[in-house]
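Here is a short report on a two-chain model. It follows the strands, then the helices, then the contact between the chains.

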Amino acid sequence: MGRIKKDRLIQMAPHFCGFKPQGLQCKTGEDVIINFEEYEAINLCDYELLTQAEAAKLMKISRPTFTRIYESVRRKIAKAFVEGSCIQFEGGNVAIADWFKCNECKITFTLPENTTKHCPFCKTQVTIINN
Amino acid sequence: MTFAIATTDNNLKALVDPHFGKCNWFFLYDTETNQSSFIENSASQNQENAGCDAAGILLDKNISMAIAGRFGSKVVDVFRKNNIQMVIPETQQTISEIINQIK
């Protein structure tokens, strides 16, 4: 039996589901599935311009593991680009850092330590945790 | 309690900026004294660490809540360490709308 994968810590899940190629009449090939840890890897490395070591520390994984995830997402993106297939964000072994949501005010927020779980705007109790 | 909003322009009809570090202005508001002010974000043109520098400016002003469309991972780290609340509105809102919500 294989070893169980450690949870990777991500700051936030993407707020949309994926990408679709333009101008294709019929669907070609299979959808490419990018999981959340891979999304976070490309976000940290190429959008926020962190080094791989820094990014690995943020996701609480080792540097080689991070490099492996990053490699894999680059290949997946290249595959989707060249073959013109859709990209979907889905699944993965992830833990999302503590963010809370208030459906009344339509906001996402963090809670400072030693405070009660209340929405900062409408002051009602928060029920939905981690997106 | 003082809170800071990252905004695109320096008037009350300005929208919340989609990215914390790269915004042009910060709007500071004190809920107890009702005092407000705009400060320019001198770090907005930085290639690297714009968010952290901007966070440093705001930490000097003793804020307890920051509002922006998106926070970079380094900024999230800094704010969590300093126990500052971060808020992300899901819809596009102007400064005055947010002030009304908090009151």
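Strand β4 (residues 65-67) of chain B and strand β5 (residues 85-89) of chain B run parallel and are joined by three bridges. Strands pair if DSSP finds at least two bridges between them. Strands are DSSP runs of E with at least two residues, helices are runs of H or I with at least four, and both are numbered from the N terminus. In this pair, Ile67(B) stands opposite Val87(B).

This is a predicted model: local features need pLDDT of at least 70, side-chain atom pairs count only at pLDDT 80 or more, and totals for chains, interfaces and linings use all residues. Residues are numbered from 1 along each chain as its sequence is written, while chains are lettered from A and ligands numbered from 1 in the order in which they are written.

**The sheet**

β4(B) and β5(B) belong to an open sheet of seven strands with mixed pairing. Its order is β6(A)-β7(A)-β5(B)-β4(B)-β1(B)-β2(B)-β3(B). β6 (100-102) of chain A and β3 (36-40) of chain B stand at the edges; each has a single partner strand, so one side of each lacks a neighbour in the sheet. Neighbouring strands are turned by 25° against each other on average, direction ignored. Axes are lines fitted to C-alpha atoms, for helices over the stretch in contact, and angles run from 0 to 180 degrees between N-to-C directions.

**The helices**

Helix α1 (residues 50-60) of chain B packs with helix α2 (residues 73-81) of chain B at about 30°, their axes 8 Å apart. α1(B) and α2(B) are therefore roughly parallel (angles under 35 degrees). α1(B) brings Gly51(B), Cys52(B) and Ala55(B) to the contact; α2(B) brings Lys74(B), Val75(B), Val78(B) and Phe79(B). Contact means C-beta atoms, placed from the backbone, within 7 Å. These residues divide into five nonpolar, one polar and one charged. Ala, Val, Leu, Ile, Met, Phe, Trp, Tyr, Cys and Pro count as nonpolar, Asp, Glu, Lys and Arg as charged, and the others, Gly among them, as polar.

**Between the chains**

Chain A gives 16 residues to the contact and chain B gives 17 residues. On the chain A side, strand β7 (residues 107-109) supplies the largest share, three residues. That side of chain A divides into ten nonpolar, three polar and three charged residues.

Conventions
Parallel < 35°, antiparallel > 145°, perpendicular 65-115°, else oblique. Contact = placed C-beta atoms within 7 Å.
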